[in-house]
Amino acid sequence: MTEIQEDIKKHLDPIKETLDHKFGVDIFQNKRTRQYTKAREFFMAYSIDNYSYSKRQLSIYMGKTHATGLYCLRSFKDSMKYDKDYKKHYNRLSKDLDAVRIHLHRTQKYSAKKRLLDRALYKADDKFVDYIYNILYKNPLQKINK
């Protein structure tokens with residue numbers, strides 16, 4: 001798997017899993033019932049709106065052809081224009097997907113900060129490490145002396 005595919009998988013797997021759960025199906029299965037196609041349309045549209053991946057990359061991730069991805073987006077736009085219930089459902093679901101996306105972003109940001117702190121503490125002397133440990137775990141209200 002290429003680096004781009006790993007990046008797509010890391011960012012979009014939680015979105016796919018959320019949609020799988022909401023629709024109660026595996027949205028990438030090759031079925032053409034309305035439930036499956038609607039879930040794939042939501043996935044494709046949400047991913048295009050919130051991530052910088054191309055339609056082709058998303059189609060490959062979904063296991064579909066590029067033409068299928070384009071048709072999926074066209075069908076989504078038509079449904080959003082003419083079907084009020086469809087539009088309400090997408091707007092409601094996109095709020096849930098936003099929460100998942102924000103949580104994932106915060107988790108990754110925290111992990112990066114933790115790695116930087118771990119690297120700094122690895123180079124520090126024992127007195128400084130004890131000082132940081134006391135601040136973080138024993139007495140978080142302790143004032144920092146500069």
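Asp98 is partly exposed, since its relative accessible area is 26%, where buried means under 20% relative accessible area, exposed means over 50%, and partly exposed lies in between (1.4 Å probe, protein chains only). This is a predicted model, in which local features need pLDDT of at least 70 and side-chain atom pairs count only at pLDDT 80 or more, whereas totals for chains, interfaces and linings use all residues. Residues are numbered from 1 along each chain as its sequence is written, and side-chain values use heavy atoms, with hydrogens and water left out.

**Salt bridges**

- The side chain of Asp98 meets that of Arg101 in a salt bridge, at 3.2 Å from N to O; the term stands for a side-chain nitrogen of Lys or Arg within 4 Å of a carboxyl oxygen of Asp or Glu.
- Asp98 and Arg101 are three residues apart in helix α5, which is about one turn of the helix, and Arg101 counts as partly exposed at 26% relative accessibility.
- Across the whole structure, a search finds six salt bridges, and one of them joins the side chains of Asp96 and Lys22 at 3.1 Å, N to O.
- Because Asp96 lies in helix α5 and Lys22 in helix α1, this pair ties together parts that are 74 residues apart in sequence.
- Asp96 is partly exposed with a relative accessible area of 33%, and Lys22 counts as partly exposed at 45% relative accessibility.
- Asp20 forms a salt bridge with Lys16, and the closest N and O atoms of the two are 2.6 Å apart.
- Asp20 and Lys16 are four residues apart in helix α1 (residues 3–23), so about one helical turn separates them.
- Asp20 is buried, with a relative accessible area of 16%, and Lys16 counts as buried at 13% relative accessibility.
- A network of salt bridges links Lys16, Asp20 and Asp26.
- The charged end of Lys16 also sits over the ring of Phe28, 5.1 Å from its centre; this description requires NZ of Lys or CZ of Arg within 6 Å of the ring centre and within 35 degrees of the ring normal.

**Aromatic pairs**

- A search of the whole structure finds 10 aromatic pairs; rings of Phe, Tyr and Trp (its six-membered ring) pair if their centres lie within 6.5 Å, and planes under 30 degrees apart count as stacked, over 60 as edge-to-face and the rest as tilted.
- Among them, Phe42 and Tyr90 form an edge-to-face pair, with 5.2 Å from centre to centre and 65 degrees between the planes.
- Since Phe42 lies in helix α2 (residues 34–50) and Tyr90 in helix α5 (residues 84–123), the pair ties together parts that are 48 residues apart in sequence.
- Phe76 and Tyr90 also form an edge-to-face pair, at 4.9 Å centre to centre and with 70 degrees between the planes.
- Phe76 lies in helix α4 (residues 66–82) and Tyr90 in helix α5, so this pair ties together parts that are 14 residues apart in sequence.
- Phe76 counts as buried at 8% relative accessibility, as does Tyr90 at 7%.
- Ring pairs link Phe23, Phe42, Phe76, Tyr86 and Tyr90 into a cluster.

**Helices**

- The chain has six helices and zero strands, where helices (H or I, at least four residues) and strands (E, at least two) are DSSP runs numbered from the N terminus.
- Helix α1 has 21 residues and reaches 30 Å from its first C-alpha to its last, close to the 30 Å expected at 1.5 Å a residue; the expected span is 1.5 Å times one less than the number of residues.
- At Leu12, α1 bends by about 40 degrees, and a proline, Pro14, follows within four residues; the bend is the angle between axes fitted to the seven residues ending there and the seven starting there.

**Burial and core**

- Buried residues make up 32% of the 146 residues in the chain, and those of α1 include Ile8, His11, Leu12 and Phe23.
- The largest nonpolar core has 28 residues, of which Leu12, Ile15, Leu19, Phe42 and Phe43 touch the most other members; such a core is a set of buried Ala, Val, Leu, Ile, Met, Phe, Trp, Tyr and Cys residues joined through side-chain atoms within 4.5 Å.
- Helices α1, α2, α3 (55–62), α4 and α5 each supply at least two residues of this core, and the largest share, seven residues, comes from α2.
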